[in-house]
Amino acid sequence: MKATLRTVRLTLAEPLRISRSTMAARDAVWLTVEHEGLSGHGEAVTSAYYHLNTTELERQLYEAGLDLGRFGDPESALGDRPAADRPPAVTAAVEAALLDLCGKRSGVPVHRLLDAKSARTTPTTPGAQSAPSARTARTIGIVPAERAAAQARSLADNGFTVIKVKAGAPDPEDDLDRIRAIASAAPRTRLLLDPNGAWTSAQALQLLPRYAELGVEAVEQPLAPGDPEALARLAERSPLPLIADEDAVTFEDVSRLAGRVHGVNVKLAKCGGPYAALRITELIEGSGTELMLGCLTASTLGLAPAVHLADRARWADLDGHLLLADDPWTGIGGADGVVRANDLPGLGVRERRVGREDAA
């Protein structure tokens with residue numbers, strides 16, 4: 001097998017402000033794996049929070065590409081255990097490229113391969129009958145209330161029924177004003193809130209009842225990560241479902257929180273890919289903790305593997321490609337509020353443009 005890399009710049013349609021940072025662009029590194037005339041593709045994106053810059057991503061994916069050369073075919077590589085010291089985002093990109101290639105070789109979409117992996121193969125299983133789809137949340141950042149209302153109104157007009165609102169402004173009343181404005185502008189949408197760990201436990205106990213009164217459905221990672229016990233204790237007292245994100249990175253993290261928080265946000269780039277996500281899904285089944293499928297801001301290529309799992313989640317937050325000024329890939333939709341896999345072999349996505357290429 002031959003692997004190549006390509007690095008491109010992904011620019012957001014407008015900067016996204018959250019409690020800890022503001023992002024206007026990030027780099028994506030694409031891995032292409034070729035074998036016997038077919039190609040599979042995967043994507044990893046830079047992240048300051050996860051300490052992955054462009055140089056490190058390129059290095060890690062270059063080494064991963066070289067490692068693939070020891071396998072005779074992508075099926076063998078897909079069944080191999082990845083290097084333990086490889087960043088999860090890199091593992092996820094490699095797995096995506098191999099799944100894409102294996103799907104193309106067998107004429108099967110990725111969601112069928114994943115159904116087989118998790119034994120979801122009976123005719124009565126929804127995921128085995130049709131390509132997964134889900135109503136995705138669409139994120140509104142920390143912006144003035146008037147701007148948030150206009151965004152929410154536009155989203156609702158275009159078919160979005162779930163809006164995720166970022167919180168964590170210096171003045172908590174600004175966040176409450178934003179939610180009120182959104183609820184007024186789009187009264188039929190479901191509202192999720194994400195402070196990205198900006199609150200203390202005392203603040204959370206004061207604020208959560210107020211958000212419950214405003215109709216917020218669930219709150220994601222209200223407390224700073226690093227103390228999952230505090231998050232579990234808060235969940236016991238919360239009038240709203242609490243979803244762990246930054247405190248639920250690995251399988252081991254989730255195992256400590258299963259049954260103690262109301263949800264976990266599984267992002268393939270932080271857990272290590274679709275197979276790791278399946279393990280987490282099986283772990284929390286029946287525990288009272290439900291699945292949110294999340295993402296980083298990325299292209300359609302980066303989002304596609306999660307979309308092939310979308311029918312397994314209570315909450316889908318798969319809008320990273322919708323935040324871009326120009327998505328270089330297509331194939332999962334989302335502009336109408338619904339992301340959809342398809343029945344094309346592999347990931348079912350195609351590239352719209354090219355960037356810089358380096359041989360691995």
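Me: In what order do the eight strands of the open sheet come, and is the pairing parallel or antiparallel?

Reply: In this predicted model, the order is 5-6-7-8-9-10-11-12, and the pairing is parallel.

Me: How many bridges join strand 5 to strand 6, and which residue is the bridge partner of threonine 139?

Reply: Strand 5 and strand 6 (residues 162-166) run parallel and are joined by three bridges. Threonine 139 has lysine 164 in strand 6 as its bridge partner.

Me: Which strands does helix 7 touch?

Reply: Helix 7 (residues 172-185) packs on the sheet and touches strand 5, strand 6, strand 7 (190-194) and strand 8 (216-220). Its direction makes about 160° with that of strand 6. Helix 6 (residues 145-157) lies across strand 5 and strand 6, and runs at about 165° to strand 5.

Me: Where is there a hairpin, and how many residues are between its strands?

Reply: Strand 2 and strand 3 form a hairpin, with two residues between them. In the turn, glutamate 36 has a positive phi of about 50°. Strand 2 (residues 22-35) runs antiparallel to strand 3, and eight bridges join them. Among the pairs, threonine 32 has histidine 41 in strand 3 as its bridge partner.

Me: Why is strand 3 largely enclosed by the rest of the structure?

Reply: A residue counts as buried under 20% relative accessible area. Six of the eight residues of strand 3 (residues 38-45) are buried, so the strand is largely enclosed.

Note on methods. Residues numbered from 1 in each chain as written. Predicted model: local features only at pLDDT ≥ 70, side-chain atom pairs only at ≥ 80, totals over all residues. Heavy atoms only, no water. Pairing = 2+ DSSP bridges. Helix = DSSP H or I, 4+ residues; strand = E, 2+ residues; numbered from the N terminus. Contact = heavy atoms within 4.5 Å. Axes fitted to C-alpha atoms, helices over the stretch in contact; angles between N-to-C directions. Buried < 20%, exposed > 50% of the residue type's maximum accessible area, 1.4 Å probe, protein only.
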